[in-house]
Amino acid sequence: MTLRINWFPDPNITKTVKPYAPSIIKVDFPVVARRNWLRATVLTVGDTYAQYSLQGDRLPPAGTYHVHCNAFAKHANAFVRVYTRVGGKYTVPLQKEIADGTTVDVDGTITVPDDCEELIIRTTAGKVVGAIVMLSDILIERADTYDKAVGGGLPGFFSGDTMPRA
C-alpha cells in the first residue's frame, strides 16, 4: 500500500489555517454544493488576491508534487498560482486562469527545491469591484504517490478512507 499524504494543512477549508489578503479583499468561507470554499471578493481595485503561505514545519520536503484544487471566478477572469520562494526570490511553477463564470479543476506538477523557504497558494481576483474568486479541496501530494498507477485521484480522506496529515 502506498501512503498518500496531503501536505496542505487544511484541504477542506475548515479555517484551521488562516489565509492572508490585503484590506481591499473581503475573505469569507461559504459552503456551496456541500463543499467549504475560501471566497475572496474585491472591495476596491488594487492588489486583489488571497493566499495561503506554507513555511517552516508546514512546508513540504523537497521533491516533486501534484497540486490540485477547485476554483471559481465571477464578474472577471481570475488566476490560481503556486509560488516557491528561494533566497528571497519567487518563481511560479503553476498558474491557471479561471474564466468568468466558470468552475475549474486546477491540476499540475511542481518541484519544491531543496532550499525552498515558502510555498504559496494564491488566488487572484480580477481587478473589478465585486469580482469573486473561490478555492476548495486543496491538495499538495508527492507526485509519485499521486501517480495513476497507484490509484491517483483525490486522497482517501476526501471520502473518509484515511486521515490527513496533522
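Predicted model: local features only at pLDDT ≥ 70, side-chain atom pairs only at ≥ 80, totals over all residues.
Student: Hi! How many helices and strands are there in the chain?
Tutor: Hello! The chain has 1 helix and 11 strands. Going along the sequence, the pattern is β-β-β-β-β-β-β-β-β-β-β-α.

Student: And what share of the residues counts as buried?
Tutor: That is 48% of the 166 residues. The chain exposes about 8300 Å², and carbon and sulfur atoms supply 52% of that area.

Student: Let's go to the sheet with β8. What is the strand order there?
Tutor: The order is β5-β10-β7-β8, an open sheet of 4 strands with antiparallel pairing. β5 (49–54) and β8 each have a single partner strand, so one side of each lacks a neighbour in the sheet. On average, neighbouring strands here are turned by 15° against each other, direction ignored.

Student: How many bridges join β7 to β8?
Tutor: There are 8 bridges between β7 (residues 78–86) and β8, and the two run antiparallel. For V82, the bridge partner in β8 is L94.

Student: New topic: I98. Where is it found?
Tutor: I98 belongs to strand β8, which covers residues 89–98.

Student: Is I98 buried or exposed, and why?
Tutor: Buried, because its relative accessibility is 0%, and the cut-off for buried is under 20%.

Student: Which residues does I98 touch?
Tutor: Leaving out residues up to four places away in sequence, I98 touches A71, F72, A73, N77, A78, F79, V80 and V104. Take A78: I98 and A78 are 20 residues apart in sequence, with their C-alpha atoms 5.1 Å apart in space.

Technical notes
Residues numbered from 1 in each chain as written. Heavy atoms only, no water. Buried < 20%, exposed > 50% of the residue type's maximum accessible area, 1.4 Å probe, protein only. Areas by Shrake-Rupley, 256 points an atom, 1.4 Å probe, with all protein chains shown as cover. Contact = heavy atoms within 4.5 Å. Pairing = 2+ DSSP bridges. Axes fitted to C-alpha atoms, helices over the stretch in contact; angles between N-to-C directions.
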